[in-house]
Amino acid sequence: MNTLSIVKRIYYRLRKALSLLVNHIKSRRIGDGQYRAKSFFVNRLSLDNEHEAWLDVAYKAALESKQGVFVDVGANRGQTLGKLLSFDQNREYIGFEPQLDCCYFISEFIKENRLSTHTLLPVGLSNHSAVLQLLKRSSNVDSTASTIEGFRPADFYTGRQSIYVAKGDDVFSQMDLSDISIVKIDVEGGELEVIEGLQQVLRDHKPFVFFEVLNHFLVVTGQKLDEDTIKFRTGRNQQMENLLREKGYRIFNILPDNKITEIARIEPKVSNDLRITDYVAVHHECFSRFVENYKGKIIAEVTA
């Protein structure tokens with residue numbers, strides 16, 4: 001057998017082995033359901049039931065309090081999709097994620113499991129439609145990626161990626177949705193722009209709004225933020241809070257041990273504890289139902 005024949009045989013065997021690896025299907029349990037995912041994608045998806053478990057009680061109460069679509073702004077690697085599937089397999093889901101590698105993994109999972117009520121759009125949401133630069137620390141899937149210059153020190157990021165964002169109200173005006181139950185926003189500092197772009201949705205649907213406000217601390221690098229960055233973030237947080245309150249929302253900080261506490265003002269701490277960075281805005285029309293369904297401790301008295 002000549003050298004060329006040996007090389008060809010090795011090539012075809014390697015190609016066959018790679019095809020088996022990529023296309024091999026693994027089964028995994030999420031909540032009460034059994035789901036399929038290609039083994040090549042398993043480590044690139046994050047569908048762990050235990051991800052950010054301190055949010056579970058608040059999510060369950062919101063889902064029980066209001067019917068409608070679950071909107072996931074910043075789907076990333078499917079963290080919130082997995083959580084929703086563990087709570088309510090039949091709830092309609094619309095995810096938004098501008099990182100195309102993330103979109104591919106989630107889209108394949110949705111297709112593999114024939115989740116006909118689940119949709120993922122490869123765009124971000126903002127207060128206008130545009131091509132923006134996504135600041136990234138990693139060239140691959142990046143959970144710290146942000147479109148907001150000044151949200152973190154410039155040397156935190158190592159690269160940029162062009163993405164498309166659209167105004168949320170414009171997107172949803174083209175969809176035939178009877179109601180929206182929850183809008184979850186996790187966009188690494190761009191929450192203000194997302195909420196600015198969803199004013200009609202907030203007015204018409206009054207969804208529960210789950211959002212993150214990071215502490216004044218860089219957990220990845222173990223650094224405290226400088227005063228200019230803190231001032232920049234504080235101003236944006238105040239604008240976001242004002243928009244929510246103008247629409248009739250009360251704001252609660254979600255904490256460990258199934259506790260949420262109403263706040264008079266969003267004031268992040270200098271801390272590396274990511275369990276205290278999540279919030280839920282509850283419209284006053286939904287508040288009594290939320291309280292009835294919440295299986296934990298609610299401190300619902302704002303003190304100035």
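**Pockets, cores and cavities**

The lining of the second largest pocket in this predicted model is made up of 6 nonpolar, 3 polar and 3 charged residues. The volume of this pocket is about 250 Å³. Its lining consists of Asn215, Asn253, Leu255, Thr261, Ile263, Arg265, Ile266, Glu267, Pro268, Lys269, Ile276 and Tyr279.

In soluble globular proteins, nonpolar side chains tend to be buried together. In the model, the largest nonpolar core contains 34 residues, and Ile182, Phe208, Phe210, Ile254 and Phe290 are those with the most contacts inside it. Two or more residues of this core are given by each of α3 (56–65), α4 (79–87), α5 (100–112), β10 (208–212), β13 (249–255), β15 (278–283) and α10 (287–293). The largest share, 6 residues, is that of α3.

When residues up to four places away in sequence are not counted, Ile254 touches Trp54, Leu55, Ala58, Phe210, Lys259, Ile260, Arg275, Ile276, Asp278, Tyr279 and Val280.

The model has 2 cavities of 30 Å³ or more. The volume of the largest cavity is about 130 Å³. Its lining comprises 13 residues, with Phe151, Gly189, Glu191, Val213 and Asn237 lying nearest the centre. Both α7 (191–196) and α9 (227–246) give two or more residues to this lining, and the largest share, 4 residues, comes from α9. By class, the lining of the largest cavity holds 6 nonpolar, 3 polar and 4 charged residues.

Key:
Residues are numbered from 1 along each chain as its sequence is written. This is a predicted model: local features need pLDDT of at least 70, side-chain atom pairs count only at pLDDT 80 or more; totals for chains, interfaces and linings use all residues. Side-chain values use heavy atoms; hydrogens and water are left out. On a 1 Å grid over the protein atoms alone, a cavity is a set of points where a 1.4 Å probe fits but cannot get out, and a pocket is an open set with protein on both sides within 12 Å along at least five of seven lines; lining residues have an atom within 4 Å of a point. Grid points are joined across faces, edges and corners, and a volume is the space filled by probe spheres set on the points. Ala, Val, Leu, Ile, Met, Phe, Trp, Tyr, Cys and Pro count as nonpolar, Asp, Glu, Lys and Arg as charged, and the others, Gly among them, as polar. A nonpolar core is a set of buried Ala, Val, Leu, Ile, Met, Phe, Trp, Tyr and Cys residues joined through side-chain atoms within 4.5 Å. Buried means under 20% relative accessible area, exposed over 50%, partly exposed in between (1.4 Å probe, protein chains only). Contact means heavy atoms within 4.5 Å.
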